[in-house]
Amino acid sequence: MKEERSFTKASEKQFHQIRSEVKKAYNEEKDGITNIAVTFDGTWLTRGHTSQIGIGCVIDMLTGYVIDYQVMSKYCKECELAKGELNKISAEYEIWYEGNKDSCNVNHCGSSGSMEVQAAFKLWSRSEKIGFRYTSVLSDGDSKAFHHLTETKVYGDIEIKKEECVNHVSKRLGTALRNCVKEWRSRGVTLDGKSHGSLKEETIKKLTQYY
């Protein structure tokens with residue numbers, strides 16, 4: 001626990017320095033709230049939709065610094081060990097849990113896929129406490145996190161704008177064109193032949209790069 005507290009203090013100090021640098025980059029004073037453009041994304045400990053742990057990160061677009069993150073967890077090692085040793089339906093476990101629930105790592109009870117959305121909500125909800133508003137966010141086209149933030153009006157009447165990620169748009173364009181070729185092929189129409197103007201794989205790649 002002592003090492004964990006030392007790590008937390010070091011992490012907090014590092015984030016304080018980073019946030020000060022971000023403020024300087026926007027020519028803002030330390031006090032007050034700065035509106036900034038960020039990119040947000042989430043990832044999981046394991047692939048698939050059954051991961052017990054996920055994390056969401058907010059990165060400032062101007063400096064490239066990670067200015068905040070949120071770990072989402074459906075698993076707590078200490079609680080699981082206690083359940084095995086004390087029996088999770090026993091009175092002993094209930095007593096143990098009441099005394100240790102504040103240190104339990106579980107902070108998410110929904111699906112693994114919804115971790116990203118909940119992480120974003122937590123990050124945006126506390127952003128003003130660290131001196132920022134994330135009023136512009138770069139994310140993929142079908143970002144559930146962005147839709148949730150706008151629906152909940154996390155900043156009240158202050159609008160959050162969404163910027164499209166070119167890489168995601170390019171990828172979706174390529175996928176749509178390939179699906180189109182497959183669909184018409186199933187109907188007996190060839191779009192990807194050798195003739196000039198056909199929708200060959202090489203042509204699809206060029207189109208996605210031109211975008």
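**Helix faces, helix packing and a hairpin**

On the face of helix H5 (residues 144–152) turned away from its buried side lie the exposed residues Lys144 and Glu151. Exposed means over 50% relative accessible area, buried under 20%, and partly exposed in between (1.4 Å probe, protein chains only). Helices (H or I, at least four residues) and strands (E, at least two) are DSSP runs, numbered from the N terminus.

The model is predicted: local features need pLDDT of at least 70, side-chain atom pairs count only at pLDDT 80 or more, and totals for chains, interfaces and linings use all residues. Residues are numbered from 1 along each chain as its sequence is written, and side-chain values use heavy atoms, with hydrogens and water left out.

The buried residues of H5 are Ala145, Phe146 and Leu149. They line one face of the helix, because they fall within an arc of 100 degrees seen down its axis. The arc is taken from the directions from the helix axis to the C-beta atoms. Lys153 follows H5 and has a positive phi, near 50 degrees.

Helix H2 (residues 77–86) packs against helix H3 (residues 91–100) at about 155 degrees, and their axes are 9 Å apart. Axes are lines fitted to C-alpha atoms, for helices over the stretch in contact, and angles run from 0 to 180 degrees between N-to-C directions. H2 is therefore roughly antiparallel to H3, a term for angles over 145 degrees.

Strands E2 (residues 53–60) and E3 (residues 66–73) run antiparallel, joined by 7 bridges. Strands pair if DSSP finds at least two bridges between them. Gly56 stands opposite Gln70 in E3. The hairpin has 5 residues between the strands, and Gly64 there takes a positive phi near 80 degrees.

Terms used:
Angles under 35 degrees count as roughly parallel, over 145 as roughly antiparallel, 65 to 115 as roughly perpendicular and the rest as oblique.
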